[in-house]
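Thanks for coming. I have one structure to take you through today, so let me put it on the screen.

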Amino acid sequence: MAYALLFSVFVISTCGLVYELISGALASYLLGDSVLQFSTVIGVYLFSMGIGSFFSRYISKDLPAVFIRVEILIAVVGGCSAALLFMVFEYVSSFRVILYSLVSLTGTLVGLEIPLLMRILKAHFEFKDLVSKVFTFDYVGALIASILFPLALAPHLGLVRSAFMFGMINACVAMWALALFRDEIRMSRVLAAEGAGALALLLAGFVYSGSIMGMAEASTYPDSVIYAKSSRYQRIVLTRSPYDIRLFLNGNLQFSSADEYRYHEALVHPAMGSMDGPKDILILGGGDGLAAREILKYPSVRSITLVDLDPEVTKLFAGNEILVKLNENSLASPKLKIVNADAFVWLREDKGTYDFIAVDFPDPSNFSIGKLYSASFDKLLFKALKDTGAAVIQSTSPYVARKSFWCVNNTLAAAGFHTTPYHAYVPAFGDWGYVLASKRPFTPPLKYPAGLKYVSVETVKGMLEFPRDMEAVETEVNRLNNQVLVRYFEDEWAKYSRVNQ
């Protein structure tokens, strides 16, 4: 019995850390700024575990029965937490209160587990052996959870299904403990019924987790969801209305098919059109193939290297019939090579130089993306660019996030670039900004490829002019050790959201 209970320490430790990681990941998905969300979730969770450990001293009777009931409660609360949080996100204004309440409740219950088990086991081991054995199993369980979560659980099961699965594991621990102590527990039938009920609830949640996420996303997105998948890196959702197809990554709109041509023509053609026969092209981000579609309009192009972190995105846009039609099958071009890698790491190791680099990353809403707008990254960009070449960086809205936009510009200038900021109106996003970075002063082109819907000599002239409310402002340079751009971005978009609620 003693070693069976010690093994349960390993199991419940794994479950406890998985709940913590799920809460942190879910908070970063829904609220952005992953470092802040993970830090606060972990802090609240550990503090709550301390509270649970403290209150365990007041439990003096029926320890096995109390332990079993605690396991059942953890199974239900932790197992259902992800589904509940996704379901209520769109309906409550105080989402953080619910999030941290669930984190606190789960942490408090988890904090009760180990002290209760140690007191149950003290009759079987000397104190020094008991402590070393319990904490050894506890830490090994934490290691297993930290490896399983990013490699298997988040990318393959998803957050909701993973939570239900580990809830079932907690419930199984409760039933196992009930079998071990059946002769010592007076209300074993009641606990068996509670455990069976918890298992049935969690199993149903696991089986119908796809439907649960479908309902949650139906409330989040006004249009019909035609594709939804959690990759290792993000939640990918496609919606369809009578008018357009929209891509969302972690709930953030990436494009609308009704007007994406404005965004991508503005991203590519001012720089490409100014060059004499650009040949070697690099796209960082842009896994949808839409920037590549525009680049392939130049016959001189001989090679395009597209570096996008998420293989699920490039696979989707290379294989879905609707999306292939939208990007004109650009990802299947013999001129194009797809590399699924972290752009920062890849660019640091790459030895090539390029005539044109399109930087089409998501907005710097968290530190993992903010590093791709840092001075360190821009220096790598400078090294990868030919002397006669140009890079263009999508740079959020200069109207909504004025300091953020000019921070991108000023950071590029600090890396040694000549910068040419410009903006274009994209109805799905509003006024959107770009920065053209080159080693020589930029001269706008006088000719563009035939058939463009938006970009022309006249429109580019207007793109280069900024009204007073979008004029340049002084900012700090975005560096890896300060990530000031993420702070600017969060503050400015939060203010805009409050004003427009």
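I will start with a pair of helices. Helix 3 crosses helix 4 in a left-handed way. Left-handed here means that the near helix is turned anticlockwise from the far one by less than a right angle, and clockwise would be right-handed. Helices are DSSP runs of H or I with at least four residues, strands are runs of E with at least two, and both are numbered from the N terminus.

Before going on, the ground rules. This is a predicted model, in which local features need pLDDT of at least 70 and side-chain atom pairs count only at pLDDT 80 or more, while totals for chains, interfaces and linings use all residues. Residues are numbered from 1 along each chain as its sequence is written, and side-chain values use heavy atoms, with hydrogens and water left out.

Back to the pair. Helix 3 covers residues 63–88 and helix 4 covers residues 95–121; their axes come within 9 Å and cross at roughly 160°. The axes are lines fitted to C-alpha atoms, for helices over the stretch in contact, and angles run from 0 to 180 degrees between N-to-C directions. The two helices are therefore roughly antiparallel. For that word the angle has to be over 145 degrees; under 35 is roughly parallel, 65 to 115 is roughly perpendicular, and the rest is oblique. By class, the contact of helix 3 with helix 4 holds 22 nonpolar, three polar and three charged residues. Nonpolar covers Ala, Val, Leu, Ile, Met, Phe, Trp, Tyr, Cys and Pro; charged covers Asp, Glu, Lys and Arg; the others, Gly among them, are polar.

Helix 3 also has helix 6 as a partner: their axes come within 10 Å and cross at roughly 15°. Helix 3 and helix 6 are therefore roughly parallel, and this crossing is left-handed. On the helix 3 side the residues are A65, I68, R69, I72, A75, V76, G79 and C80, and they meet V190, L191, E194, G195, A198, L201 and L202 of helix 6. Contact means heavy atoms within 4.5 Å. The residues of this contact divide into eleven nonpolar, two polar and two charged.

One more residue in helix 3 is L84. With a relative accessibility of 40%, L84 counts as partly exposed. The scale is relative accessible area: buried is under 20%, exposed is over 50%, and partly exposed is in between, with a 1.4 Å probe and protein chains only.

Which residues touch the most other members of the largest nonpolar core? They are F67, I68, L99, F149 and L159, in a core of 69 residues. Such a core is a set of buried Ala, Val, Leu, Ile, Met, Phe, Trp, Tyr and Cys residues joined through side-chain atoms within 4.5 Å. At least two residues each come from helix 1 (2–31), helix 2 (34–55), helix 3, helix 4, helix 5 (127–180), helix 6 (188–207) and helix 7 (209–220). Helix 5 gives the largest share, 17 residues. Take F67: beyond its neighbours within four places in sequence, F67 contacts I12, E113, L116, L117, I120, V173 and A177. There is also a second, separate core of 51 residues, including L238, L331, F442 and F489.

Now some single sites. G370 is in helix 13, residues 367–370, and at 0% relative accessibility it counts as buried. G370 and Q483 are 113 residues apart in sequence, but 6.4 Å apart C-alpha to C-alpha. Not counting residues up to four places away in sequence, G370 touches P364, N478, Q483 and V486.

In helix 14 (residues 375–384), the buried residues are A375, F377, D378, L380, L381 and A384. Among the elements covering them are strand 5 (280–285), helix 12 (343–349) and helix 15 (402–414).

Two backbone points to check. Most residues other than glycine have a negative phi. N250 has a positive phi near 50° and sits in the loop between strand 3 (245–249) and strand 4 (252–256). E328 has a positive phi of about 55°; it lies in the loop between helix 11 (321–326) and strand 7 (336–339), and is exposed at 55% relative accessible area.

To finish, the overall numbers. The protein has 17 helices and eleven strands, and buried residues make up 53% of its 501 residues. Its C-alpha atoms fill a box of roughly 90 × 45 × 45 Å along the principal axes.
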